[in-house]
Amino acid sequence: MNFKSYRKKSPWILHYNAGSCNGCDIEILACLAPKYDIERFGMINTGNPKQSDILLVTGPVTKRSRERLVEIYAQMPEPKVVISCGACASTGGVFRGMYNCEGGIDQYIPVDVYVCGCGCRPEQIIDGVVQALGILDKKTKELEESVKLKKQPLKEEGQLNRREIAAEIKTA
Amino acid sequence: MDLYIQIALIVLAPFIGGLVYGIERVVKARMQRRIGPPILQPFYDFFKLADKRKMIVHSTHAFLGIMHFFSLWFALAVLLLGGDFILVIFLHLLSTALLILAGYSTRSIFSHLGANRTAVSVLAYEPILILVAVSVYMLTGSFDVSSIFSYDEPLLVKMPLAFLALLLILPIKLKKSPFDVAEAHQEITGGVELEYSGIFYEAIYTAKWIDEIFCYTLVYLFGANNPLIGLGLVLFAFVFVNALDNSSARVSYKQMLRFSLTIALPIAFINLLLAIFQQVL
């Protein structure tokens, strides 16, 4: 029996905030509220990676959150799609080049759909999710890995080592 | 003829439960002025989950989840075939105990919390169910569920307080707000069901549908010899539970236990005393 056609009918969403300013998160939660009501497409915000199909990520990936992002991605069973919501998640946005984050989530995990905007509007998110459903239809159950192991984060150059500073103050 | 209906109900229980769950989601959406998912949505979820890649924590965990489903179905079968009421309650307890064991068998903190809270909610509703069963015994002289059907008056008229007590613990059993601490999706993201995924989560998901059928069958027993009263009570309980779910916030497990043991339990106990007095006089 072919269950492939049911993927489109019940996509369960996992929402992860990788250091966002909460602007995009509020818009994602607005999609679930009565005005936009994405539950009419059968979508549920599960909050559990082991039972979800779509990963919605907001925010530039801060260095604190990147391990968790990769961990959550690895815990989701295939077939799965990733949507980066907002300018920060897609490219780094206004935080690009700052010391505490890297530009966008696609440096760590493969992204299928990019949703632009700061913060992205609920209509755009729904449009992005509908595009992601088309991609979900073509995916197989083969293992998908994060790109983290292939691409190491850049070495921090020209940055002060806090421990050395603390040691200097202590001796002086 | 009657046996055929009973067997058909038992075999079709997951299907009917899925329909009830789908209707429930639409009713809840309409109460919030949303359109809501299609009525067959639980079955779409079911088929989608069958298509996911299989991931398990360890084999015992997956096995306990599947056994939870089958033991619950067995408890429902005994109830629908008119077996012993006490046996039905303990079979239901067995299925919940398997779920609690499954929760403790992983190393996940949320799973442990969910198992703890499930155990507390069992403590909240189990004494009341047993008191209701004993009251039925006092009234009809038999623990068999089939004796309720052959009794000449509906139970609702004879012991309305027992129905009130059952209505108060129904949200605890169905894991609905304000007593949904065991599941608490925003707090511990599902509790025991957290570590299940794909085709193994289906067992837990389908067990929820069977649990609904189980609870509404208990409600139906109060109007058993008149199907019209029985179905009316089921409809009332369905709307009551969902309206309460939509209009109330979650309480902590201590408040739930206090409510159950100081309000619902005395009501059930007074009902038992009244049933004894009716028998003596």
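## The run of elements in chain A

From the N terminus on, chain A runs β-α-β-β-β-α-β-α-β-β-α-α. That gives chain A five helices and seven strands, where helices (H or I, at least four residues) and strands (E, at least two) are DSSP runs numbered from the N terminus. Residues are numbered from 1 along each chain as its sequence is written, while chains are lettered from A and ligands numbered from 1 in the order in which they are written. Please keep in mind that this is a predicted model, in which local features need pLDDT of at least 70 and side-chain atom pairs count only at pLDDT 80 or more, while totals for chains, interfaces and linings use all residues.

Of the 172 residues in chain A, 38% are buried. Here a residue is buried if 20 or more other C-beta atoms lie within 10 Å of its own, exposed if 12 or fewer, and partly exposed in between, with C-beta atoms placed from the backbone. Among the contacts in chain A with a separation of 6 or more, 83% come from residues 24 or more positions apart; two residues are in contact if their C-beta atoms, placed from the backbone, lie within 7 Å.

## The sheet of chain A

Five strands of chain A form an open sheet in the order 2-1-3-5-7, with parallel pairing. Strand 2 (44–45) and strand 7 (113–115) of chain A stand at the edges with a single partner strand each, so one side of each has no neighbour in the sheet. Two strands pair if DSSP finds at least two bridges between them. Strand 1 (residues 12–17) of chain A is joined to strand 2 of chain A by two bridges, and W12(A) stands opposite I44(A) there.

Strand 1 of chain A also pairs with strand 3 of chain A, in the parallel sense and over five bridges; I13(A) stands opposite I54(A) of strand 3. Five bridges likewise link strand 3 of chain A to strand 5 of chain A, again in the parallel sense, and L55(A) stands opposite V82(A) of strand 5.

How many residues of strand 3 of chain A are buried? Five of the five are, so strand 3 of chain A is largely enclosed by the rest of the structure. I54(A), L56(A) and T58(A) point one way from this strand, and L55(A) and V57(A) point the other way. In a regular strand the side chains alternate between the two faces of the sheet.

Helix 1 (residues 23–32) of chain A lies across strand 1, strand 2, strand 3 (54–58) and strand 5 (81–85) of chain A, and runs at about 140 degrees to strand 3. Helix 4 (residues 122–138) of chain A lies across strand 3, strand 5 and strand 7 of chain A, and runs at about 160 degrees to strand 5. For such angles, axes are lines fitted to C-alpha atoms, for helices over the stretch in contact, and angles run from 0 to 180 degrees between N-to-C directions.

## Where the chains meet

The contact between the chains takes 25 residues from chain B and 18 residues from chain A. On the side of chain B that touches chain A, helix 3 (residues 41–50) of chain B gives the most, with six residues. That side of chain B divides into nine nonpolar, eight polar and eight charged residues. Ala, Val, Leu, Ile, Met, Phe, Trp, Tyr, Cys and Pro count as nonpolar, Asp, Glu, Lys and Arg as charged, and the others, Gly among them, as polar.

## Helix 3 of chain B and its neighbours

Helix 3 of chain B is mostly covered, with seven of its 10 residues buried; among them are Y44(B), F46(B) and L49(B). The buried residues pack against helix 2 (13–31) and helix 10 (199–220) of chain B.

Helix 3 and helix 10 of chain B pack at an angle of about 160 degrees, with their axes 8 Å apart. That makes helix 3 of chain B roughly antiparallel to helix 10 of chain B, the term for angles over 145 degrees. Residues making this contact include P42(B) and F46(B) of helix 3 and Y205(B) and W209(B) of helix 10.

How values were computed:
Parallel < 35°, antiparallel > 145°, perpendicular 65-115°, else oblique.
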